[in-house]
Structures are given as C-alpha cells and as structure tokens.
Amino acid sequence: MQAIPVIALTGHLGAGKTTLLNHVLRSPGARIGVVINDFGELNVDAALVTGQVDEPASIAGGCICCLPDEGGLDVALERLADPKLRLDAIIVEASGLADPVAISRIIRFSGVDRIRPGGVVDVLDAARHFETVDRDEAPPARYRAASLVVVNKLDQVPEAERPEVLGRVEDRIRPSNPHARVIGAVGGRIDPALLYDVSGGDEIGQLTIRELLYEAEASEDHSHHTHAESVTVVTDGCADPDAVLDVLEEPPVGVYRMKGTIAVRYRTATRRYVVNVVGPSVHVAPASGAAVAGSSLVAIGVGLDVDAVRSRLRDALAVTTDPASATGIRRIQRYRRLSI
C-alpha cells in the first residue's frame, strides 16, 4: 500500500477553507479522510462539511499546533491510515488561528506509519488579505510553509485588479518560499487533482450524488474553476537516478505535483521506486507489487507549457543501460531515509 498524502489546509479566519474543503470533497472518484480542528466542545466546523467523509476525526479544545505529543493529531491520523478505509488522501483543516509552519512540522515528523506529507494549502482572502494578515513591512512567517497558495474570493476584487493582486501575493511569498505555487479561485473551486489523485473510482450510492454536486458547482461559474493539467511520459527501461532527482527537486514551471515509478539499475539487479513530489517535498519509497519494466512520470499543475514539461520529463527518464552512479544511489537512499 502506498503512503497516504496528508494535506494541511490552512488560512486566516474567513478566508474560505471550509468552502474549499466542501468543494474538493465533492469530487468523484476519491476517498478522502478529514481531520477538523475545532475550538470548544461543539464541532461547528464539522457540521459545515457537506462532502462525503469516510471517517471524520475531530480534534476539539485548541489549536492543532499546540496539541500534546501524547495524542491529538497522531491519534486521528492513525485511525484514518487504516488500510481498510482505502483512503486516497487525508485533509487536516486547521483552525484559522493555527500556525501553518507548526502544522507542517507536526505532519512531517508524525510517527504514524503509512502516511506522507501532502503539502500545505494556504487559503487567502483576495479582498482582505493585506488588511488582516500581511500588514507589516516583513512578510508573515506563514508564507514559508505553503506549497500551494489559493488566493480565494477573487470575485470580490474588480476584474482589472485581479492580476495585480495575484502578482502582489507572489512577490511577497517568493523571497522566503520560491517553490510555492500561487493560483486564484472563486468559492474555493480548485481542481482536486492538484491535491490528490482522482481516479473515477467505484463508490456505490455516494458517487452519483458527488458527481452531480461537483458538476453543478463547476458549471455555476466555469470561468473561475481552476483546472489542472497533466503531462505523462513512459519509458521501457531504467533511468539515471541523478537525472530523475534533478527534475523532482526542480520541477518545470507551473508544476505543483509529480508522481511516478522509476526503475534504477544497480550492479546486478534492477530496483523500482515510487516517487511523489508536492512543492519542495520529495518522497521516495520502494515499489511494491508485480515488477513492471520501465519508468514513468506524471507532472500536474496549472498553466503548463506542455511541450516544455514533456521534454524535461523525457530527458529525466532517458533510458540507460549503465549502472547507477554512486552519487545517484546515495541520493535515492537519502530520500528513502527522509521518507520513512
């Protein structure tokens, strides 16, 4: 079983986190677990989640980044990582007062098996962000943690000013976080493919309802529905791990996620690895199941130069009959250790 991505969903109060969560939960073909962080005894936020949640887990009583080491988030993640649930992803919706940097660190260093960091999605209010969050001369520390920044509520900004707002956000983020991707949205409507795999699964009963909800929401304002693009390259031989890791560490422009299976030739054997990239995070694990010859990479993002992305992937996966270099093997081993 592949590790389940755990996606932190953060944002200041009122930015639209729950709206975005509702939207992505409606996407057909995916099984999503949700951890909702609440203040107080009443699970108000959970009541607002209208999507189909396989196994919701609620954390009450405080900010997620202040949870005690002996419980809290790890307990919820352990429940949701149960292979019986067959989840495609877990989304942690944090309180509006939570620190994205701390949340990212908690997920990255969680002791739970069968999970991996899936990125930090930070939701901003396009109309009020520079009045409520980014008000000082120095950019806020939260920018360092985000892998995907969703500038939400663009419909509340005059159309002619929207590119300027997006550019201003990018300019503030880039110095401390050059890998973050910034996209605009209305009503939290982003393509779930940016967050997790949508495979057109086999759910019974729920699926039709989710499809109808998702399609109705997408058609409500198609011009503001952010769509992801993907590029796939498949080869029939082994790849140079140095070349593969180079493109995983520095993805093509516009690429937010990458995934694939890589065959690497050692001295006397061929080994296969599953790779996943979200923003700056590279995850490498041994591939399980029946061996399939060759390697493959899929790049997912927004506004891609498809030909340029395909060219980069082909170069990275160029078939070689030479054994992997000592440097390439060490790089793979390093990422494997970090991915445990």
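1. A polar contact is a pair of N or O atoms within 3.5 Å; within protein, one must be able to donate a hydrogen and the other to accept it, and residues adjacent in sequence count only if both atoms are side-chain atoms. Asp-240 caps the N-terminal end of helix 8, with a side-chain oxygen 3.0 Å from the backbone nitrogen of Asp-242. Helices (H or I, at least four residues) and strands (E, at least two) are DSSP runs, numbered from the N terminus.

2. This is a predicted model: local features need pLDDT of at least 70, side-chain atom pairs count only at pLDDT 80 or more, and totals for chains, interfaces and linings use all residues. Residues are numbered from 1 along each chain as its sequence is written, and side-chain values use heavy atoms, leaving out hydrogens and water.

3. Seven strands run in the order 3-2-4-1-5-6-7, with parallel pairing. Strands pair if DSSP finds at least two bridges between them. Strand 3 (57–59) and strand 7 are at the edges, each with a single partner strand, so one side of each has no neighbour in the sheet. Four bridges join strand 1 (residues 4–11) to strand 4 (residues 89–93). Leu-9 has Glu-93 as its bridge partner in strand 4.

4. Tyr-196 sits in the loop between strand 7 (181–184) and helix 7 (206–220). Buried means under 20% relative accessible area, exposed over 50%, partly exposed in between (1.4 Å probe, protein chains only). Tyr-196 counts as buried because its relative accessibility is 1%. A polar atom of the Tyr-196 side chain lies 2.6 Å from the backbone oxygen of Val-24.
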